[in-house]
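The model is a predicted one.

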Amino acid sequence: MSREDIEATKAPLLDHLIELRGRLIKSLVAFVVLFVLCFTVSRQIYNILIYPFEWAARSVGDPNVKLIYTAPLEFFFTHMKVAMFGAAFIGFPVIASQLYMFVAPGLYRHERQAFLPYLIATPVFFLLLQGLSEWWKPMAAEPTIHKFADDEDEEPQVRRKPLQTAGKH
């Protein structure tokens, strides 16, 4: 990169702050729009997310899996959390691209080329590991929890059954 190229890309601090504000506003608008969309389908998203738990509970012998809520607004706040995480999950490419578009003009050409594999790998691994964790956590944790709650060695006075709340998942 020549000296003229560097001088052509220089901008005063105020211009950088104006661009940053614009990129943050675009990211926030994308998040809010996706939050509203996710909130309208939060019940369906919640059912998809809870399926691995139900499968794991049924696989250890609990055919009647029910989730309860213990506070008056817990069900509503659970749907708010689902919508918020869904908006962050779906909006990650928009937010990451806005971040990259803000940082990219300050990078040299070889730095931008070195950054490209990370731009491709980050969303791929993000989706892969999120899917893996949603299926692995209940399968690993539920048998241990049920075994601890129902100790086979001693005869219980009262049969204990763990109740799962909607807000904790």
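## Aromatic cluster

In this predicted model, a single aromatic cluster is formed by Phe35, Phe39, Phe76 and Phe77. When the whole structure is searched, five aromatic pairs are found. In one of these pairs, that of Phe39 and Phe76, the ring centres lie 6.1 Å apart and the ring planes stand at 80 degrees, and because planes over 60 degrees apart count as edge-to-face, the pair is placed in that class.

Phe39 belongs to helix α2, which covers residues 13–40, while Phe76 belongs to helix α4, which covers residues 74–103, so the pair ties together parts that are 37 residues apart in sequence.

## Packing of α2 and α4

Two packed helices are described by the angle between their axes and by the distance between those axes. For α2 and α4, the packing angle is about 145 degrees and the axes are 7 Å apart. The crossing in which α2 passes α4 is right-handed, and the residues that make up the contact of α2 with α4 divide into 18 nonpolar, six polar and three charged.

Where does Ser27 sit, and is this residue buried or exposed? Ser27 is found in helix α2, and its relative accessibility of 11% is under the 20% limit, so Ser27 counts as buried. If neighbours within four places in sequence are left aside, Ser27 is in contact with Ile95 and Gln98; both of these residue numbers fall within the range 74–103 of helix α4.

## The salt bridge

Side chains of opposite charge can pair when their charged atoms come close. How many salt bridges does the structure hold? The structure holds one, in which the side chains of Glu19 and Arg23 meet at 3.3 Å, taken from N to O.

Glu19 and Arg23 are four residues apart in helix α2, which means that about one helical turn separates them. The two partners fall into separate accessibility classes, since Glu19 counts as partly exposed at 28% relative accessibility, whereas Arg23 counts as buried at 18%.

How values were computed: Residues are numbered from 1 along each chain as its sequence is written. This is a predicted model: local features need pLDDT of at least 70, side-chain atom pairs count only at pLDDT 80 or more; totals for chains, interfaces and linings use all residues. Side-chain values use heavy atoms; hydrogens and water are left out. Rings of Phe, Tyr and Trp (its six-membered ring) pair if their centres lie within 6.5 Å; planes under 30 degrees apart count as stacked, over 60 as edge-to-face and the rest as tilted. Helices (H or I, at least four residues) and strands (E, at least two) are DSSP runs, numbered from the N terminus. Buried means under 20% relative accessible area, exposed over 50%, partly exposed in between (1.4 Å probe, protein chains only). Contact means heavy atoms within 4.5 Å. A salt bridge is a side-chain nitrogen of Lys or Arg within 4 Å of a carboxyl oxygen of Asp or Glu. Axes are lines fitted to C-alpha atoms, for helices over the stretch in contact, and angles run from 0 to 180 degrees between N-to-C directions. A crossing is left-handed if the near helix is turned anticlockwise from the far one by less than a right angle, and right-handed if clockwise. Ala, Val, Leu, Ile, Met, Phe, Trp, Tyr, Cys and Pro count as nonpolar, Asp, Glu, Lys and Arg as charged, and the others, Gly among them, as polar.
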